[in-house]
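Please keep the sequence and the structure open while reading.

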Amino acid sequence: LVSRKKHPENTVVDLKGVKMGDGQQRLVMGPCAVESYEQVLTVAKALKDRGIHVLRGGAFKPRTSPYDFQGLGVEGLKILKQVADELDMVVISEIVSPSDVEVGAEYLDVIQIGARNMQNFELLKAAGSVQKPVLLKRGLSATISEFIHAAEYVVSKGNTNLMLCERGIRTFETATRNTLDISAVPILKQETHLPVLVDVTHSTGRRDLLLPAAKAALAIGADAVMAEVHPDPAVALSDSAQQMDIPQFHAFIDELQASGLYKG
Ligand code: PEP
Ligand code: MN
């Protein structure tokens, strides 16, 4: 169902009027984790000022250590919805359990399935059973073929509003947190008809690489670039090494616009 051979035209996923996959390259930004209403509002206002309408933020955080901040859960979803409603934005957040898909669908515009859950087949089927757009991230060690099969799980349940996200894979290289597999973008676009995003934050894990990675993603044809922004990354409860602060965010947008690659 996701194959370009069977369905030659691009799928355009409509997020309350913000179209993903329509040829316009977009940005999806926001904090790693929802920490408070004020924190999300501060970031969202900065995004809105720069014409970015898609806000991300984690409420259920799949952390490597059980002792790290696990997210605010449903309370975090409520904060995201409140801010999105106030600023007329679209909101994306990760759901980690099949039993939370329904609550996610209630508060969110897009249900994200994270890298660690790319082959959580029960979660894929649950997300495929609601009519809410889904953003599926590539697994940490997943081949492109496995990624496409995971996408098929969602669509085979009836939900065709699916977007894919390359977020780096695990290799022998340690200079970056993961290795951004940039060639996955044109491969996924050739093999499927789905919108393809690139997450530059989790792939590189390095603030100094966000801009060049975003330029590469836009140049190679990604439908959107995802990156994290936090009002004060030094005190962020997760991913403090790679989130941009607000001045860095403005510089990032300025540079992307100056490069001519980003038209937004
Ligand atoms: C995220 O986007 O918040 C996240 C945890 O990313 P990933 O699943 O790609 O690690
Ligand atoms: Mn993060």
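## Confidence

The average pLDDT of the protein is 98, and 100% of the residues score at least 70. This is a predicted model. For the complex, the predictor reports a pTM of 0.98 and an ipTM of 0.99.

Which residues lie around ligand 1? They are Cys 32, Gly 58, Pro 62, Glu 94, Gly 114, Ala 115, Arg 116, Lys 137, Arg 167, Asp 199 and His 202.

Sorted by class, this shell holds 5 charged, 3 polar and 3 nonpolar residues. Glu 94, one of the residues around the ligand, falls within strand S5 (90-94).

## Positive phi at Lys 16

Lys 16 is not a glycine, yet its phi is positive, at about 45 degrees. The residue sits in the loop that runs between strand S1 (13-15) and strand S2 (18-20).

Is Lys 16 buried or partly exposed? Lys 16 counts as partly exposed because it has 14 C-beta neighbours inside 10 Å, and that class lies between the limits of 12 or fewer for exposed and 20 or more for buried.

## Positive phi at Asp 88

Asp 88 is another residue other than glycine with a positive phi, here near 55 degrees. Its place is the loop between helix H2 (74-87) and strand S5 (90-94).

Asp 88 has 10 C-beta neighbours inside 10 Å, so it counts as exposed; the limit for that class is 12 or fewer.

Conventions: Residues are numbered from 1 along each chain as its sequence is written. Chains are lettered from A and ligands numbered from 1 in the order in which they are written. This is a predicted model: local features need pLDDT of at least 70, side-chain atom pairs count only at pLDDT 80 or more; totals for chains, interfaces and linings use all residues. Helices (H or I, at least four residues) and strands (E, at least two) are DSSP runs, numbered from the N terminus. A residue is near a molecule or strand if its C-beta atom, placed from the backbone, lies within 6 Å of it. Ala, Val, Leu, Ile, Met, Phe, Trp, Tyr, Cys and Pro count as nonpolar, Asp, Glu, Lys and Arg as charged, and the others, Gly among them, as polar. pLDDT is the predictor's confidence in each residue, from 0 to 100.
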